[in-house]
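Look at the structure below and follow the text with it in view.

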Amino acid sequence: MSIQIENLSYKYGQPAGEKVEALQDISCAIAAGDFVGIMGHTGCGKTTLIQLLAGLRAPTSGRIYINGEDINAKGYDRNRLRQTVGVMFQNPEYQLFATTVEKDVAFGLKYSGLRGQEVTARVRWALETMGFDFEKVRNQSPLALSGGEKRRVAIAGVIATRPQILIFDEPIAGLDPYSRENFLQFVTQMNQAGTTIIMVSHNMEALAEYTQHLLVLEKGRLIDAGPTREVFIRLKQRKDGAFGQTAAQKIVTLLAERELKLPPAVVTYGDLLAALKHELTGGGRG
Amino acid sequence: MLVTGKNISFTYDFGGAAFALQDVDITIAQGEFVAILGCNGSGKSTLVKHFNALLQLQQGALKVAQIDVGNTEEIWLLRRLCGMVFQNPDNQFVSSVVEEDIAFGLENYEVPRGEFPARVRSALALVEMDGYEKRAPNSLSGGQKQRVALAGVLALEPEIIIFDEATAMLDPSGRQEVVKIMHKLHKTGKTIIAITHYVEETVAADKIILMHQGRVLACGHPRAILTDLDLMKKAELIPPLPVRLYYDLQQAGVNLSNCPLTNEEFVEAICQFRSKT
Amino acid sequence: MRSLPTGQYLPGHSFLHQLDARVKILGLFLLMAAVIGASSVQGYVLVLMVVAICIQLSRLPLRCVFASVRRVCWFLLVIWLMNALFFAAEDALFSWGIFQLSRGGMRQGFRVVSNVVLILLLGNLLTMTTLPTQVTTALESLIKPLKLIGVPTEEVAMIISVAIQFIPTLMEEAELIKMAQIARGARFESKKLAERAASFLPLVVPIFISAFRRAEELALAMEARGYRNAKNRTKRKKEPLERHDYGALAVCALICLVQFLLR
């Protein structure tokens, strides 16, 4: 499912408070099957943007097309949008409410047209995808689960409708390294299976390693967009260099100060390791 | 020793018999910067909640600043000496005005009202939030909220300051702000106990206590802990980037003189390596 | 976060800002009585003037004072229509089924709406010129007599103040939870009333859970900062009422009295 954003703006109606995120004249395109990262400081408008993409707010001006259809046009089927776009907000575990895990995961399927056995099969699939034993967990109360399990049930509830576009708002904030890797592996698998992924994150390493394209927001404006590597290289050349650099890029900067110049395309850990090997094992002086 | 704990064990009584803490021994010296490192569920937060008696000691012995934490008579003194900043910046404010929130602790210790303005001002100065007295905590960024929460703790002039995953919910710039203030306070002689799963935040500590599944896996200088790959794996953590680079380069035949912890050390080691060859 | 919360304290040095909070609360009750008691044209002119003078005395930007009214204007319209169409009066202009548009109904609608607006404005003036803790301290001293019948007045005051400061956070969270559920197919905007009502139940559960969790964390944080009970704390200075405080109170009482004489 491709997404086309044209001159999108959003203003909040009330007198300006300090934390109000607005968006100004954003245009970009996301291809079907892409894995897109959204980067930006707190309050840059990231959350507003994903709320607009999910049709949870209507833009002040501009248009969003999903597969060529304007999602804010009169007559556009909201329910189809809900089935197409899955959104996971921060703290997904607060969004659990049904009495059993099975009912909770099935919540979104109510309007999908699936019935009876089909629903159960879909719920089973979603829970098993998230690493649960379906029979064991289906009748448990979601509130009795551990924090990590709640999170996984919440994700199962979102993927149960098989959305073609999955949006995650800060999904790895606060996770420890292993949970973080597990989550990113899972998202990559979903992406490889054809789902378009949009992920908002503060974690530069995760964005650099996993996403294909990057959107950079600053104070409600889209200041850069493009293939992830290219965006990181451009961001490094900006004067306010602290914005959006990976740890590897920071080391490259430090090395450059000591007269060891590595290629500017070094963005990820793997790049840095390869470049250093090349430089230090003689290849660089050949 | 400012903190000495022996054989501390603890179980949350949710029916499940799993230990949240098991036979934990711990010592922390006056003026030390101690990082308690571990993944989710390793028991680190449970451990420090014993230091100011937010959790009651079930087994073992624990003394903090010469006070036995089981002694209910001295619990209030203990909590004044041992301040704590919590994980969620939104859930620790009692007032919608910064200065009133900072005054909350002062009121609890019956500090005369006349001293309030000066103490509030100096606490805010310590966290570099001068002039924010009249603001609403709600209108601040995550890093600023945590600094205001810290000011509320500092107004009571504690000896020990515990950061209970105080950076976990912040964005990178907010995290940097808080970590910077931690080190600044450490320089003024305060004992700092920082709980985290971000290994980068522990490299400058005097000591790391590494926890996993309710036990202390290891305790020692960051260099000894963070460069031990097996240990880090056992703790389900990923070593800092310079450490990973060091070992990966070693496999490629590049032997740096010693294992660096920070980016600066790493760059230094690379330069040394180059001048040698 | 989504929008500037209405009715929040705005610092200032106006007459209203400096008035003792106890006087402001009592004054609010007296003026509210005056508003509700207004029945004649003169009565409404009087309260309208009083509210206008109060706004002037607060020196707050009009935009902020009226923000809360703006926010509920649709609701006000509904109230007016309900009164205008359902009020049973003899002077019906026309009737259609159960609806009956009457002069009396329209008048009644105006009365109700203007009462709501005036009381809302007065309430806002109180919260916008008074720090939340001043409100709590004042409430605490005003409810002190209840101590005689065993009410823990200090605790009650503490609970009120903490609750007040938690409201914006909870509202924000409720909004996010609602969005998350809409995204999963909940139909808050459904036209079928039953469907709509049913969709609100699942909203309540996570909001409560998160409120309880937050309350638990806050309780820990308060304990860690040395809170044991509401008694062993720095006593608030007993601020004696000053001459202008008594004056303001007397004026409010007078307005109230005049209003009832005008009936």
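A residue is called buried if its relative accessible area is under 20%, exposed if over 50%, and partly exposed in between, with a 1.4 Å probe and protein chains only. This is a predicted model, in which local features need pLDDT of at least 70, side-chain atom pairs count only at pLDDT 80 or more, and totals for chains, interfaces and linings use all residues. Residues are numbered from 1 along each chain as its sequence is written, chains are lettered from A and ligands numbered from 1 in the order in which they are written, and side-chain values use heavy atoms, with hydrogens and water left out.

Start with chain A. Chain A holds 11 helices and 10 strands; helices (H or I, at least four residues) and strands (E, at least two) are DSSP runs, numbered from the N terminus. The C-alpha trace of chain A spans about 70 × 45 × 35 Å along its principal axes. The radius of gyration is taken over C-alpha atoms, and the globule rule sets it at 2.2 Å times the number of residues to the power 0.38. For the 286 residues of chain A, a compact globule would have a radius of gyration near 19 Å, and the 21 Å of chain A agrees with that. Of these 286 residues, 55% are buried.

A contact means heavy atoms within 4.5 Å. Among contacts in chain A between residues at least 6 apart in sequence, 63% join residues at least 24 apart. The accessible surface of chain A is about 12,100 Å², and carbon and sulfur atoms account for 48% of it. Such areas come from the Shrake-Rupley method with a 1.4 Å probe; for residues, only the protein chains shown count as cover. Chain A carries 33 positive and 30 negative side chains, with the centres of the two sets 3 Å apart. Here Lys and Arg count as positive and Asp and Glu as negative, while His and the chain ends are not counted. The place of a charge is NZ of Lys, CZ of Arg, CG of Asp or CD of Glu.

Now look at one sheet of chain A. Two strands pair if DSSP finds at least two bridges between them. In chain A, four strands form an open sheet in the order β2-β1-β4-β5, with antiparallel pairing. Its edge strands are β2 (23–30) and β5 (69–70) of chain A, each of which pairs on one side only. Inside the sheet, β1 (residues 3–10) and β4 (residues 61–66) of chain A are antiparallel and share five bridges. A:Gln4 stands opposite A:Tyr65 in β4(A).

Strand β1 of chain A also contains A:Asn7. Most residues other than glycine have a negative phi. A:Asn7 is not a glycine, yet its phi is positive, about 45°. A:Asn7 is partly exposed, because its relative accessible area is 42%.

Chain B comes next. Chain B has 10 helices and 10 strands. Its radius of gyration is 20 Å, close to the 19 Å that the globule rule gives for 277 residues, so chain B is as compact as a globular protein of that length. The C-alpha atoms of chain B fill a box of roughly 70 × 45 × 30 Å along the principal axes. Buried residues make up 58% of the 277 residues in chain B. Chain B exposes about 10,800 Å², and 49% of this comes from carbon and sulfur atoms. Its side chains include 26 positive and 33 negative ones, and the centres of the two sets lie 3 Å apart.

How many residues of strand β8 (residues 191–196) of chain B are buried? Six of its six residues are, and the strand is mostly covered. B:Thr191, B:Ile193 and B:Ile195 point one way from β8(B), whereas B:Ile192, B:Ala194 and B:Thr196 point the other way. Strand β3 (residues 33–37) of chain B runs parallel to β8(B) and is joined to it by five bridges. Strand β7 (residues 160–164) of chain B is also parallel to β8(B), again with five bridges. B:Ile192 in β8(B) is the bridge partner of B:Phe33 and of B:Ile161.

B:Gln213 lies in the loop between β9 (207–212) and β10 (215–220) of chain B. B:Gln213 has a positive phi of about 45° and is not a glycine. B:Gln213 counts as exposed, because its relative accessibility is 57%.

In helix α7 (residues 132–142) of chain C, the buried residues include C:Pro132, C:Val135 and C:Ala138. The buried residues of α7(C) pack against α3 (98–108) of chain B, and also against α2 (21–37) and α8 (153–183) of chain C.
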